[in-house]
Amino acid sequence: MLPHMPRLFAFARRLTGNQEQAEDVVQEAYLRAWRFFHRFEAGTNARAWLFKILHNVFLNTRKPARMREVQMPEEEGMDDFLLYNRLVRDGGWKDPLDISPEKFDHMFGDEVKRALDRLPGTYRFPLLLCDVEGLSYEQIAQVMGIPGGTVRSRLFRGRAILQRELTEYARKQGILKPGRA
Amino acid sequence: MRRPKRHGDHAGKPDCRKVRDQVFHLLDGRLTPARRRAIRRHLEQCPRCFSRLEFTRIMRQVMRRRVLAERCPVALVRRIRAMISRDAGRPSGKR
């Protein structure tokens, strides 16, 4: 279980948005994992099991509102490709294929982290599990104790909110032309 | 996947919308092999859909890199090891 600690910590750091709280959450999760190791089913995904424990610790150590305070925004009108669409339309990209990880990181890397920190936990948790940890929707549903349809819905909304935040950032930075919604 | 050579050839075709809706499912590994092949065939012909996929893939890659760049403090590893050792030594300590 210990080899998973760096991944678990990186995850907790983004989840809590705070170094000290991330350490506390990981420490408590490992203590529980150790004490309840007899419940771990051999042959199943150890990392997913640890994330499930981490999820419970996180819920118990935060104010309940942290994960539940946000009303689900309507999916209608949300765009999970908003940034791309705006960059192509307003960003003056002559060749939309002219993008590299380095270029994207230079333009948006810091803001991606900040936008993740601002994203409500309801969306941040499944988004990190899917996009960073590569867990399947079924595994995320098990980790979070929610139906698969809810996972899909939260992923869509989380990604759309992130897109909206990055698009707003791009507008403020002058990457996008101002004045167009 | 090959980068499409011409721009805009298939931008107006009706299946672009379907492909757009499947981009995340493709990246999330949720498509059947047949569906994946069909999407890939479209992507090889359609620069707009291809660049949308590439942009999304790159964004995810950067997010992953940034999140995983956080270093786990050595002190935390030591603390957890010590905590587990202490707990293992307790008469009531369970695994």
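1. In which loop of chain A is Met78(A) found? In this predicted model, Met78(A) sits in the loop that joins α4 to α5 (82–90) of chain A. Met78(A) has 15 C-beta neighbours inside 10 Å and therefore counts as partly exposed. Its C-alpha lies 8.6 Å from that of Arg164(A), although 86 residues separate Met78(A) and Arg164(A) in sequence.

2. On confidence, the predictor assigns the complex an ipTM of 0.86 and a pTM of 0.84. For chain B the mean pLDDT is 83, with 80% of the residues at 70 or more. Residues 7–14 of chain B have a pLDDT below 50, and this stretch makes ten contacts in the model beyond near neighbours in sequence. Those ten contacts should be read together with the pLDDT of the stretch.

3. Chain A contains nine helices and zero strands; along the sequence its pattern reads α-α-α-α-α-α-α-α-α. Of its 181 residues, 37% are buried. Among contacts in chain A with a separation of 6 or more, 72% are between residues 24 or more positions apart.

4. The domain assignment divides chain A into domain 1 (2–68) and domain 2 (82–172). Taken over C-alpha atoms, the centres of domain 1 and domain 2 of chain A are 22 Å apart. Contact between the two domains involves twelve residues of domain 1 and 14 residues of domain 2 of chain A. On the domain 1 side, α1, α3 (46–61) and α4 (64–68) of chain A each give two or more residues, and α3(A) provides the largest share, four residues. By class, this side of domain 1 of chain A comprises five nonpolar, three polar and four charged residues.

5. The buried residues of α3(A) are Trp49(A), Leu50(A), Phe51(A), Ile53(A), Leu54(A), His55(A), Val57(A) and Phe58(A). These buried residues pack against α1, α2, α7 and α8 (137–144) of chain A.

6. The largest nonpolar core has 53 residues, of which Ala12(A), Ala29(A) and Leu54(A) touch the most other members. Domain 1 (2–68) and domain 2 (82–172) of chain A each contribute at least three residues to this core. Leu54(A), one of the buried residues of α3(A), is in contact with Leu8(A), Ala12(A), Val25(A) and Ala29(A), neighbours within four places in sequence being left aside. A second, separate core consists of seven residues, including Val19(B), Ile39(B), Cys46(B) and Leu53(B). As background, nonpolar side chains in soluble globular proteins tend to be buried together.

7. At the interface between the chains, 32 residues of chain A are in contact with 31 residues of chain B. The side of chain A that touches chain B receives at least two residues from each of α1 (5–16), α2 (19–35), α6 (101–118) and α7 (121–132) of chain A. Helix α2(A) supplies the largest share, seven residues. This side of chain A has 21 nonpolar, three polar and eight charged residues.

8. Cys72(B) belongs to the loop between α3 (47–68) and α4 of chain B. It counts as partly exposed because it has 19 C-beta neighbours inside 10 Å; a residue is buried at 20 or more. Residues up to four places away in sequence not being counted, Cys72(B) touches Met5(A), Pro6(A) and Phe9(A) in chain A, as well as Val77(B). Between Cys72(B) and Leu43(B), which are 29 residues apart along the chain, the C-alpha separation is 39 Å.

9. Helix α4 (residues 74–89) of chain B has 16 residues and reaches 23 Å from its first C-alpha to its last, close to the 22 Å expected at 1.5 Å a residue. Of the 16 residues of α4(B), the number buried is one, so this helix lies largely in the open. By contrast, the list of buried residues in α3(A) includes Trp49(A), Phe51(A) and Phe58(A).

Methods: Residues numbered from 1 in each chain as written. Chains lettered and ligands numbered in written order. Core = buried A, V, L, I, M, F, W, Y, C linked by C-beta atoms within 7 Å. Buried ≥ 20, exposed ≤ 12 C-beta atoms within 10 Å, placed from the backbone. Domains from an automatic or database assignment. Contact = placed C-beta atoms within 7 Å. Nonpolar A, V, L, I, M, F, W, Y, C, P; charged D, E, K, R; others polar. Expected span 1.5 Å × (residues − 1). pLDDT = per-residue confidence, 0-100.
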